[in-house]
Amino acid sequence: MNRTTAKHLIERYFRQLTEGCGNGDCKNQLCASCQDFQPLDKNSAAVRALELCKVKAKLCEPHAHGTEPDPQPADLTKEDFSDIHYLTENTVFIILSICEDEGNYSALIRVIGRVFSNAGALIKSFRKDEPNAAEALPTDGDRQESLSSADACEVTVDIDSVRRFYDRLQTNEQAESALVNALVYLTPNVELDLEYLDAYETNPDYLNIFVILMENSNLHSPEYLELALPQLCKAMSKLPVGALARLSKLWSKYDLPYVRRMMETFQQLITFTVVSQEYNTENLVNDDETVVAACKCLKVVFYASLVGGDVDVEHNEDDDGGESDSDELTLHELLGEERLYKKGPQVDPLEKELGVRPIDSRKPLIPFEDFVNESLNDVVEMDKDFSFFKVDAETKFSFQTCPFVLNVVTKNQGLYYDNRIRMYSERRLTALYSMAQGQEPNPYLKLKVRRDHIMDDALIRLEMISMENPSDLKKQLFVEFEGEQGVDEGGLSKEFFQLVLEEIFNPDIGMFTHDDDTQLFWFNSSSLENEAQYTLVGIVLGLAIYNNCILDVHFPMVVYRKLMGKKGTYLDLSDSHPVLYRSFRELLDYGGNVQEDMALTFQISHTDLFGSPVLYDLKEEGDHIPVSKENRHEFVQLYADYILNKSVETQFRAFKKGFLMVTSESPMKYLFRPEEVEMLICGSRKLDFQALEKTTDYDGGYDKDSRVIKDFWETIHSFEEEQKKMFLQFTTGTHRAPVGGLGKLKMIIAKNGSDTDRLPTSHTCFNALLLPEYSSKEKLRERLLKAITYAKGFGML
């Protein structure tokens with residue numbers, strides 16, 4: 001406990017010992033309001049307060065009122081305002097009317113200030129109309145029963161009443177000022193109550209404070225942003241997980257504008273704080289208490305958005321990436337590195353409490369993109385944040401525990417650090433084993449392949465590694481093409497992936513089927529290839545992510561959802577099998593006699609690899625069960641389950657097994673959503689060459705104002721889309737943009753001699769284009785087109 005915290009607590013004990021809580025029936029013998037209390041002088045009280053703070057003795061709730069009922073209109077006079085210690089909508093409006101008649105709001109300001117600065121008073125304010133709603137706090141004997149019987153998200157606050165209260169005060173600047181001041185006074189005490197006195201566990205109605213305060217639609221205004229809102233976030237972040245889950249469930253039932261307002265309130269505080277401060281490697285944003293607390297509060301709204309939207313908590317695949325239960329110590333543990341290399345994705349406590357994950361969300365209330373804070377992403381030092389995430393999680397905050405606030409580029413940096421450290425680790429382990437066994441160390445995953453037999457060579461080598469020593473897959477990939485003198489600094493790996501994928505997805509091989517309308521590939525349920533082939537395809541995709549290479553693969557989104565642990569459902573057919581999806585939609589919407597007009601049964605038919613019909617019963621004796629209006633939903637679900645899961649179960653299980661061989665220990669599953677995993681593998685589909693031009697560097701005598709450079713960019717911008725892709729392939733080794741777009745590519749254009757008939761060349765490892773100083777734009781265009789059209793192999797000139 002720091003000095004400031006201790007000071008606040010001692011002061012509260014001192015007031016309790018000298019002034020009491022105000023409850024005439026108080027039973028706490030450590031309170032001056034108790035009849036059995038022996039009065040103390042101030043010096044003795046100060047000493048006693050220090051002792052009570054050390055042992056965390058019981059603190060009374062400030063007494064809001066006794067058992068007197070809510071004052072009636074006839075009893076409310078100006079003289080009685082000092083006796084009002086809690087608020088109801090009726091009381092506020094009566095006081096407001098009296099103040100309006102007199103043209104003096106000082107009485108209202110005093111009442112608002114008194115109630116909103118007192119936790120006990122606020123807890124009992126704006127109660128729902130129910131028996132005994134205005135009674136005193138529950139006794140100790142009732143509290144545990146209250147905790148267990150309380151609805152998971154129900155609260156005793158009349159939320160509509162609170163909203164009308166704030167609406168009525170919208171234009172009253174004096175009332176707004178009183179609310180700000182009261183909040184500044186209230187929140188430090190609330191934070192202390194939650195952190196040191198278990199206030200919520202003692203009284204679940206303590207949550208009412210945050211329910212009431214968060215209904216204030218002005219929280220994002222400048223008056224609150226400086227001090228009041230940061231303190232409110234710090235207090236809210238001290239709530240236990242069960243309380244935060246109740247808040248999430250409650251807010252998930254709100255209308256969208258209210259949920260969005262709360263999201264925008266926390267986002268505005270994060271942005272305001274970030275742009276108002278200067279951060280660097282010494283002064284990290286991770287140490288900014290306001291930003292950290294606001295992110296934790298934003299997480300509550302994020303999960304409210306998930307719970308309140310369309311969710312599918314069922315249809316989960318069996319987890320194939322289970323950890324070994326071996327009691328033997330690993331070498332990482334012997335070296336004291338077990339925390340850095342711990343297996344399995346982390347589970348957020350709030351996610352566990354609510355029983356819903358981002359992967360379960362089909363359509364959240366608020367789009368995922370709206371939770372990303374770009375200002376924060378600009379100042380996060382991901383190398384430091386990664387260290388906090390993996391090693392110092394107990395003492396340091398990592399924004400990777402709130403991945404929804406990070407964009408794909410920032411999260412990809414964290415994944416990059418994780419992958420590189422694993423590569424370095426495998427290199428060290430190889431060196432240790434080699435020294436012990438007297439062998440030549442092999443620190444890389446080396447693949448030597450022939451261009452004309454690339455698939456056979458690659459798959460045979462990878463199959464041997466996956467069987468003999470799967471951990472070698474975690475080493476850095478090093479590709480060598482037989483008969484070529486290229487050294488792999490990244491460029492040859494890119495070309496290797498491109499060529500092997502061309503072979504894998506070749507229709508003649510038959511591992512995947514291709515839809516001409518969607519241009520997407522799907523697993524061939526009738527494929528003659530064995531499971532090992534699909535395992536190796538999964539390994540290739542995992543290696544691409546692990547080695548930060550972009551692949552030209554075209555899978556429907558359901559593949560990435562299944563890789564993340566979800567089964568395919570009827571909704572996934574919309575992009576994987578759109579014709580079938582439209583047919584199902586017509587069936588579900590059909591208003592006529594389904595059984596007579598459609599003549600469908602629970603037996604379906606499809607063709608195998610050779611075009612022969614194959615019959616399958618969705619249910620036992622399905623050919624005798626007609627599809628009717630009553631069971632058509634079941635038919636659609638079973639049909640979709642067969643197409644997306646059962647018919648390709650063998651192929652996909654092997655494919656996923658290979659993928660997990662490389663990525664099982666990665667935080668990818670925790671950090672990324674399926675659409676983001678697709679971007680990691682495939683890159684961005686949008687090719688913004690204007691962004692590429694802005695970020696390109698020049699060398700060898702060129703700059704952005706050189707004539708040849710101006711001619712070059714005019715030529716590139718005039719290219720057709722396919723020509724632009726060929727240029728990217730030639731210069732970078734892939735025709736897809738990296739995560740974040742072409743602006744993240746950092747291409748280099750270097751001068752390569754004076755005017756010549758030689759073609760431009762490239763170093764794909766470094767995204768470098770070597771461009772001679774051609775005498776005209778026409779010659780530059782002709783030479784460049786010829787280079788990008790016929791470029792294949794290492795060292796072509």
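Predicted model: local features only at pLDDT ≥ 70, side-chain atom pairs only at ≥ 80, totals over all residues.
Buried here means under 20% relative accessible area, exposed means over 50%, and partly exposed is in between (1.4 Å probe, protein chains only).

Residues are numbered from 1 along each chain as its sequence is written, and side-chain values use heavy atoms, with hydrogens and water left out.

**The whole chain**

Start with a cartoon view: the protein has 35 helices and 12 strands, taken as DSSP runs (H or I, at least four residues, for helices; E, at least two, for strands) and numbered from the N terminus. Among contacts (heavy atoms within 4.5 Å) with a separation of 6 or more, 73% are between residues 24 or more positions apart.

**Salt bridges**

Side chains of opposite charge can pair when their charged atoms come close. Counting a side-chain nitrogen of Lys or Arg within 4 Å of a carboxyl oxygen of Asp or Glu, the whole structure holds 34 salt bridges.

Select Glu215 and Arg163 next; their side chains form a salt bridge at 2.8 Å, N to O. Glu215 sits in the loop between helix H10 (208–213) and helix H11 (222–225) and Arg163 in helix H7 (residues 159–168), so this pair ties together parts 52 residues apart in sequence. Glu215 is buried at 5% relative accessible area, and Arg163 is buried at 15%.

Now move to Lys566 and Asp360, another salt bridge at 2.8 Å, N to O. Lys566 is in the loop between helix H24 (557–563) and helix H25 (573–576), and Asp360 is in the loop between helix H17 (349–354) and strand S2 (361–363), 206 residues apart. Both residues are buried.

Asp572 lies in the loop between H24 and H25 and Arg362 in strand S2, so parts 210 residues apart in sequence are tied together. Asp572 is buried at 5% relative accessibility, whereas Arg362 is partly exposed at 26%.

Then select Lys411, Arg673, Glu675 and Glu676, which are linked in a network of salt bridges.

**Out on the surface**

Finish with Glu621, in the loop between strand S8 (613–617) and helix H28 (632–646). Glu621 is exposed, at 52% relative accessibility.
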